Amino acid sequence: VLNAFQDSQKSLWGSCLFASVTDMDIACFTLTQLLKAVSLNVKEFLALVRKLDVNMDTISTKVNAALSSLEKKYDVMLALYQRFEKTCKSVFASVSDNCRCKSDWLLSFSREKEIIRSCWTMFLLAKGRALQMEDDLVISFQLLLCTLEFCIKRCPPELLQPLYKSAISKVHNPPARAARRSQSKAKSRPPESEVDLQLLKTLCKENDCNSEEVGGPRPVFNTYTKVKCLVFARCVHHLFYPLIVATGEERVPDKFLSFSGLTRSVWSPTFPSEQVCDSCWLLSCIARLFVVTYMMSEKCVLRTRIALGKGLDQQYEQHYLRSRDFDGRLFLDGDATVLAPKVDLSQVERTPKKMSEEDNTLIPPQTPIRAAMTSIQQLRGDLTSSGDQPSTHLATYFKNCTVDPTQDVMKRLETLGEAFSQRFGQAVGPHCVTLGRQRFNLGVKLYYKIMEAMLKSEEKRLSVQNFSKLLNDSTFHTSLLACALEVVMATYGESSFKTGGYNQGSGDAAERNMCFPWILDVVNLAAFDFYKVIESFIKADPTLSKDIVKHLETCENLIMERIAWRTVSLCPLTTQQPLQG
């Protein structure tokens, strides 16, 4: 339809079409298809739609929310791809270093390119199907590291840089069968887990990420593969069994079968039962086919690579068409619709430094991923000395009370911890409850730290040690914990006002939006009670970053300007009886 208009009008008609179908929930095309029709990239298109709102005030709240969501998702995807591209350059060796002739160079280059494409597509699949909040930068980045680890372990060693080649050397050189038999049964079998840990630590170190943090999304990736096991396995069996037969069963070395956890019976014409089709079979049939292609002839390599790429592309194509979003694979091709301004990543990655009077050079800001990782490291560093139990000093304050609040505090934390983890899983993804528990545990550490600092300050000011009324007040504890959890959520970017507005919706979209005041609903706390602890919270922790302080001040302003006035019951001042007289 848009082809009937002149080029100068296509973009305008396209933006109007997007606003209309979004408002009416009747879109029958993807965003990428629309962008190609109007010859605009994502940023240009979003700016044009917003310009309509400025000039004519015709864009609904629903469309504005969709624009903000698309913009955040695009920014996250762009940041992830830029880091993925940079990481791949450090992981894979230069093909010219290991090639003696042009044919070897072409083959190595083709292998590397297909591995990178398969890895990125696999990540897009995992992110799209395992996460409901695809615009969560931190969790998505950790999932990307899991995918990279998964693919690197199954990559031909000669394509890797020495750092990563050494990390997977044990995988490609497993101990001999006789040697394994001679080992004592009392000894554990750490090789695979040790290699996993070593490779994961290497990736995390190179990407300024805490390996303990990545341990959370890893089960998410594994669960995703298990859920899709039979679908992938049947597809792979259909595609690759004829190829294996054509090359001869003897062409699949025992070394590979042992490495991949398979037996020759798996390659039989009869498709293996559901009991056999576990995640190990799936991983072998998809990602570990990188190793199979390496061992086969060039003709088989070509056929296998094409089939593998098609299998992943078909799976992602289905997800992309259902979401009606932009196609994440286009980043690999440098497509104009997802094009971003060219930036020197080596300069962007530099940590900002103070400029001297003599140096007027403008230093670029950090990338989103580096900034997020820095904030998380700072928070975790500040809580290193804090535990998930009351410190000795804090326990003394509890015991000095007329009624010891320790048991009530523990029961409350147990109840709220379960509620928070479950709601976190509902918002992010059903397999992310463990991540929610990690966030809550950090919040508890901060909660204890702030409480102790507040009590010490009050003891110094009032010269008393008995805070029975305060420490036996359930609302005080809930408010302080909610504030600590909000700080943790803001640090991880899961509660942010940077993409416009706060969580004021309802339904499924609001459930997936963890921006403030989501936390108030989770812990069942009145907004005005949360408001009362913000100032004291900020004063009690001078190590809070400027961004976090600004975030809490924004929460404070929102409560007084909007949230507290939704219902009169939220603000006790509005429920007081008028004075008699």
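Mentor: We may. This is a predicted model, and we shall begin with Asp529, which lies in helix H28 (residues 527-540).

Trainee: Is Asp529 buried or exposed?

Mentor: The relative accessible area of Asp529 is 18%. A residue counts as buried under 20%. Asp529 is therefore buried.

Trainee: Which residues does Asp529 touch, not counting those up to four places away in sequence?

Mentor: Asp529 belongs to helix H28. Once residues up to four places away in sequence are set aside, its contacts are Thr475 and Ser479.

Trainee: What is the secondary structure of the chain, and how many residues does the chain have?

Mentor: The chain has 581 residues, of which 48% count as buried. Its secondary structure comes to zero strands and 29 helices.

Trainee: In which helix is confidence highest?

Mentor: The mean pLDDT of the chain is 75, and 65% of its residues reach 70 or more. Confidence is lowest in helix H14 (residues 254-260), at a mean of 41. Over residues 226-299 the pLDDT is below 50, although this stretch has 122 contacts in the model beyond near neighbours in sequence. Confidence is highest, at 96, in helix H25 (residues 474-491).

Trainee: Which residue follows H23?

Mentor: The residue that follows H23 has a positive phi, near 60 degrees. That residue is Ser463.

Trainee: How is the ring pair of Phe420 and Trp518 classed?

Mentor: The structure holds 16 aromatic pairs. In this one the ring centres of Phe420 and Trp518 are 5.8 Å apart and the planes are at 70 degrees. Planes over 60 degrees apart count as edge-to-face, so the pair of Phe420 and Trp518 is edge-to-face.

Trainee: How many residues apart in sequence are the parts that this pair ties together?

Mentor: Phe420 is buried at 0% relative accessibility, and Trp518 is buried at 4%. Phe420 lies in helix H22 (residues 406-428) and Trp518 in helix H27 (residues 518-523). The pair therefore ties together parts whose separation in sequence is 98 residues.

Trainee: How is the pair of Tyr447 and Tyr448 classed?

Mentor: Tyr447 is buried at 1% relative accessibility, and Tyr448 is buried at 3%. Their ring centres are 5.2 Å apart, with the planes at 40 degrees. The pair of Tyr447 and Tyr448 is therefore tilted.

Trainee: Is Arg380 buried or partly exposed?

Mentor: Arg380 lies in helix H20 (residues 368-382). Its contacts, not counting residues up to four places away in sequence, include Glu212, Glu213 and Tyr492. The relative accessibility of Arg380 is 23%, so this residue counts as partly exposed.

Trainee: Which ring does the charged end of Arg439 sit over?

Mentor: The charged end of Arg439 lies 3.9 Å from the centre of the ring in question.

Notes: Residues numbered from 1 in each chain as written. Predicted model: local features only at pLDDT ≥ 70, side-chain atom pairs only at ≥ 80, totals over all residues. Heavy atoms only, no water. pLDDT = per-residue confidence, 0-100. Helix = DSSP H or I, 4+ residues; strand = E, 2+ residues; numbered from the N terminus. Contact = heavy atoms within 4.5 Å. Buried < 20%, exposed > 50% of the residue type's maximum accessible area, 1.4 Å probe, protein only. Phe/Tyr/Trp six-rings, centres within 6.5 Å; stacked < 30°, edge-to-face > 60°. Lys NZ or Arg CZ within 6 Å of the ring centre and 35° of its normal.
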